[in-house]
Amino acid sequence: MGQSAPFSGPSAQLGREYREGAMAWFTELNRRGGIHGRQLKLLSLDDRYEPDLTLVNTQRLIGTEQAFLLFGYVGTPTVKAVLPMIEQANIPMVAPLTGARLLREPSQQLVFNLRASYQSEIDRMVDSLVRMGRHRIAVLHQNDAFGDDGLRSTRAALARHGLKPVAIAGVERNSTKTDAAAHQIQQGKPNAVVVISAYPSSAAFSQSMNQLGSTAQLMNVSFVGTSGLQDSLTGGQANGIGISQVVPFPWDRRVPVVAEYQRLMRRQQATPKYGYTSLEGFLAARLLGEALQRAGAAPSRQAVVAAFESMKNVDLGGFQLNMGPGDHQASDFVDLTFLGSQRWGP
């Protein structure tokens, strides 16, 4: 299995945590003897969340390394860059860390998504903001395919309530220079801001807004990276920031698959760190393991595609999966969380 993701640079925490969660399950499968006696190997290459590097990595994974499939890519602009290559090579891509529309409408024949769409996340957060009486909603978005998708989704979510963004500003990928964007947003006098960016920019934007005296409710989509955002905002600065999530609460051991995730993370790490991104990686590995099991002892890529499309009403232990022909999104789970003055923990 081949993976291209950020393992260095400003967004590295996303790639590292996703891989740690996935490896907790892949290591367990190999300990049990693998899938039909085959050991699983995940080859992960660093792309720093930059599409040009993702292209180079994917060429290597498909060509020199002869990966059977691609797994756990991180980000919309990076995945968008390699979609033509995936189609040309006829290689499946499993559980990319993105909720972008371009992977869902229309359904990509070779892409299999674990997570809910950004549209579902943003619909949920806008509905919540409107119920709270926060109708003056602005948008901060990354200047790339991820940000474009989120902005389009936010416009659609607001339109359902007869609203439009009161201000819109962009920020460059991996950038922490957000003062100008904050000033632009603040001119619209928002009482809420939907933030479509990864944690380096989101954290810097939060600080910029605080310096301007803003009391707007900040709401981030799940891709922001919850632990990365918390790590970037110290001294209670993250308190009250909202984040939509696409997997269950990683500290809730009452959910059987979460208890299993925690047990295997403890086995893998001397001091385990639980979190949403690593839990998503773990669930993505569970999804892939289920498909490979169904694909048989000598699987072809076509058999893997058919296996994913046969996954109806699969319960991983409190987390439901449903896929079929023309429906390559396994989960529609979305929850809203708000950061407190202390970090979550057991």
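A residue is called buried when its relative accessible area is under 20%, exposed when it is over 50% and partly exposed in between (1.4 Å probe, protein chains only). Asn174 is buried by this criterion, because its relative accessible area is 15%. The structure is a predicted model, in which local features need pLDDT of at least 70 and side-chain atom pairs count only at pLDDT 80 or more, while totals for chains, interfaces and linings use all residues. Residues are numbered from 1 along each chain as its sequence is written, and side-chain values use heavy atoms, with hydrogens and water left out.

Helices (H or I, at least four residues) and strands (E, at least two) are DSSP runs, numbered from the N terminus. Asn174 is placed in the loop between strand 7 and helix 6. Its phi is positive, about 70°, although Asn174 is not a glycine. A positive phi also occurs at Arg48, another residue other than glycine, with a value near 55°. Arg48 is found in the loop between strand 2 (43-46) and helix 2 (51-62). With a relative accessible area of 37%, Arg48 is partly exposed. A cis peptide bond links Glu105 to Pro106, with omega near -5°. Pro106 belongs to the loop between strand 4 (93-94) and strand 5 (111-112).

Two strands are taken to pair if DSSP finds at least two bridges between them. Strands of a sheet pair through backbone hydrogen bonds, either parallel or antiparallel. In this model, an open sheet of 6 strands has the order 7-6-8-9-10-13, and its pairing is mixed. Strand 7 (168-171) and strand 13 (335-338) form the edges, each pairing on one side only. From one strand to the next, the twist averages 25°. Angles run from 0 to 180 degrees between N-to-C directions, and axes are lines fitted to C-alpha atoms, for helices over the stretch in contact. Contact means heavy atoms within 4.5 Å.

The antiparallel pairing of strand 10 (residues 242-245) with strand 13 comprises 4 bridges. Within strand 13, Thr337 is the residue opposite Ile243. Helix 6 (residues 179-186) packs on the sheet and touches strand 6, strand 7 and strand 8. The direction of helix 6 makes about 170° with that of strand 7.

Strand 8 (residues 192-196) is mostly covered, with 5 of its 5 residues buried. In a regular strand the side chains alternate between the two faces of the sheet. From strand 8, Ala192, Val194 and Ile196 point one way, whereas Val193 and Val195 point the other way; all are buried. Strand 8 pairs with strand 6 (residues 137-142) in the parallel sense over 5 bridges, and Val193 of strand 8 is the bridge partner of Ala138. Strand 8 also runs parallel to strand 9 (residues 217-220), to which 4 bridges join it. Here the bridge partner of Ala192 is Gln217 in strand 9.

Leu218 is also part of strand 9 and counts as buried, because its relative accessibility is 9%. Not counting residues up to four places away in sequence, Leu218 touches Val193, Phe205, Ser206, Ile241 and Gly242. Its C-alpha atom is separated by 44 Å from that of Gln39, 179 residues apart along the chain.

Helix 1 (residues 12-31) and helix 10 (residues 276-295) pack at an angle of about 40°, and their axes are 7 Å apart. Angles under 35 degrees count as roughly parallel, over 145 as roughly antiparallel, 65 to 115 as roughly perpendicular and the rest as oblique. Helix 1 and helix 10 are therefore oblique to each other. Residues of helix 1 in this contact include Leu14, Glu17, Tyr18 and Trp25, and those of helix 10 include Thr277, Phe282, Arg286 and Leu288. The contact residues of the two helices divide into 11 nonpolar, 5 polar and 3 charged. Here Ala, Val, Leu, Ile, Met, Phe, Trp, Tyr, Cys and Pro count as nonpolar, Asp, Glu, Lys and Arg as charged, and the others, Gly among them, as polar.

Thr277, in helix 10, has a relative accessibility of 8% and therefore counts as buried. Its contacts, not counting residues up to four places away in sequence, are Leu14, Glu17, Tyr18, Leu97 and Gly225. Helix 10 also meets helix 11 (residues 301-309); their axes come within 8 Å and cross at roughly 115°. Among the residues making this contact are Leu287 and Ala291 of helix 10 and Val304 and Phe308 of helix 11. The residues of the contact of helix 10 with helix 11 divide into 9 nonpolar, no polar and 1 charged.
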